[in-house]
Amino acid sequence: MEGFFEKDFLLISHRGASHYEPENTLRSFRRALDMGSEVIEFDVRKSLDNRLVVIHDRSVNRTTDGSGTVSEKTLEKLKFLDAGSGEQIPTLEEVFENFGGSCGLVIELKEKGTEEKTVLLIKKYGLEKDVVVVSFREDCLRTIRELDSTISTGLITIFGFGCVKRALSLGCRVVATNHRFMTRRLVSEAHGNGLFVCCWTVNNPKQGKKLAGIGIDGVITDKPDLL
Ligand code: G3P
Ligand code: CA
């Protein structure tokens, strides 16, 4: 995708169009694109047999008809579960196969040990310019940077305090905070240091407009039709 960082304002679909469809499913990502979204965000974990899967929680309880921990199940067992509306938990590779090249991809690494395979798959599909690998975990971001210096990374924080410094020290290009803690000052500090700045999760149009007004580069939303 050309111009991932060049747009004035990006609406990033959080776990796809997750207000309308089961989160982190191919169906949710497809809906986000149908609604005009140019970037989708999703979460990555690993299965017992070390396959990368797209699911937010440590356990499958909330989002599927099964129970138990993702890392204690093989991909085959995970695939057996209903992730909503008959959808399966996708693998990272399936997301790349279906959406690589059609939109920007914000890949959030939820756990350690996911970095190497993520980089290998990004390269396999030639998506280096179309992705940003983000995480709350500094260790994951450091590893991505060591594995490949061309893939953009982003630090996610809740409060934002000191986040610009931390993001720069990790070689990140993006910094994100919870929307409640985004300020004009933080936006200007991030921009002054060449960072793309966004926040999560913004589902209220008024709030979205207000954030756009303070110069933020993008918001992560469950509603791709927010504005
Ligand atoms: O990528 C930002 C946001 O998705 C982080 O929070 O809990 O929705 O993964 P969470
Ligand atoms: Ca996420």
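Colleague: Which residues coordinate the calcium ion (ligand 2)?

Modeller: In this predicted model, the calcium ion (ligand 2) is coordinated by Glu 41 through OE, Asp 43 through OD and Glu 108 through OE, at 2.1 to 2.3 Å.

Colleague: What spacing do the donors follow along the chain?

Modeller: The donors of the calcium ion (ligand 2) follow the pattern E-x1-D-x64-E. Glu 41 belongs to strand β2 (residues 39-46) and Glu 108 to strand β4 (residues 104-109), so this pair ties together parts that are 67 residues apart in sequence.

Colleague: Is Glu 41 buried or exposed? And is Glu 108 buried or exposed?

Modeller: Glu 41 is buried, its relative accessible area being 3%. Glu 108 is buried too, with a value of 5%.

Colleague: What is Glu 108 in contact with, leaving aside its neighbours within four places in sequence?

Modeller: With those neighbours set aside, Glu 108 is in contact with Glu 41, Phe 42, Asp 43, Val 44, Val 134, Ser 135, Phe 136 and Ile 156.

Colleague: How far is an oxygen atom of ligand 1 from an N or O atom in the side chain of Lys 110?

Modeller: That separation is 2.7 Å for Lys 110. A polar side-chain atom of Glu 41 lies 2.9 Å from an oxygen atom of ligand 1, and for the side chain of Asp 43 the corresponding distance is 3.3 Å. The protein covers 91% of the 290 Å² of accessible area that ligand 1 has on its own.

Colleague: A change of topic: which residues are buried in helix α7?

Modeller: Leu 186, Val 187 and Ala 190 are buried in α7, which spans residues 184-192. Viewed down the axis of α7, the buried residues fall within an arc of 100°, so they line one face of the helix.

Colleague: What do the buried residues of α7 pack against, and what is exposed on the other side?

Modeller: The buried residues of α7 pack against α6 (163-169), β7 (174-178) and β8 (196-200). On the other side of α7, Arg 184, Arg 185, Ser 188 and Gly 192 are exposed.

Colleague: Which residue takes a positive phi just after α7?

Modeller: Gly 194 does, with a phi of about 75°.

Methods
Residues are numbered from 1 along each chain as its sequence is written. Chains are lettered from A and ligands numbered from 1 in the order in which they are written. This is a predicted model: local features need pLDDT of at least 70, side-chain atom pairs count only at pLDDT 80 or more; totals for chains, interfaces and linings use all residues. Side-chain values use heavy atoms; hydrogens and water are left out. Donors are N, O and S atoms within 2.8 Å of the metal (3.2 Å for Na, K and Ca); water is not among the atoms, so sites may look incomplete. Helices (H or I, at least four residues) and strands (E, at least two) are DSSP runs, numbered from the N terminus. Buried means under 20% relative accessible area, exposed over 50%, partly exposed in between (1.4 Å probe, protein chains only). The arc is that of the directions from the helix axis to the C-beta atoms. Contact means heavy atoms within 4.5 Å. A polar contact is a pair of N or O atoms within 3.5 Å; within protein, one must be able to donate a hydrogen and the other to accept it, and residues adjacent in sequence count only if both atoms are side-chain atoms. Accessible areas come from the Shrake-Rupley method with a 1.4 Å probe; for residues, only the protein chains shown count as cover.
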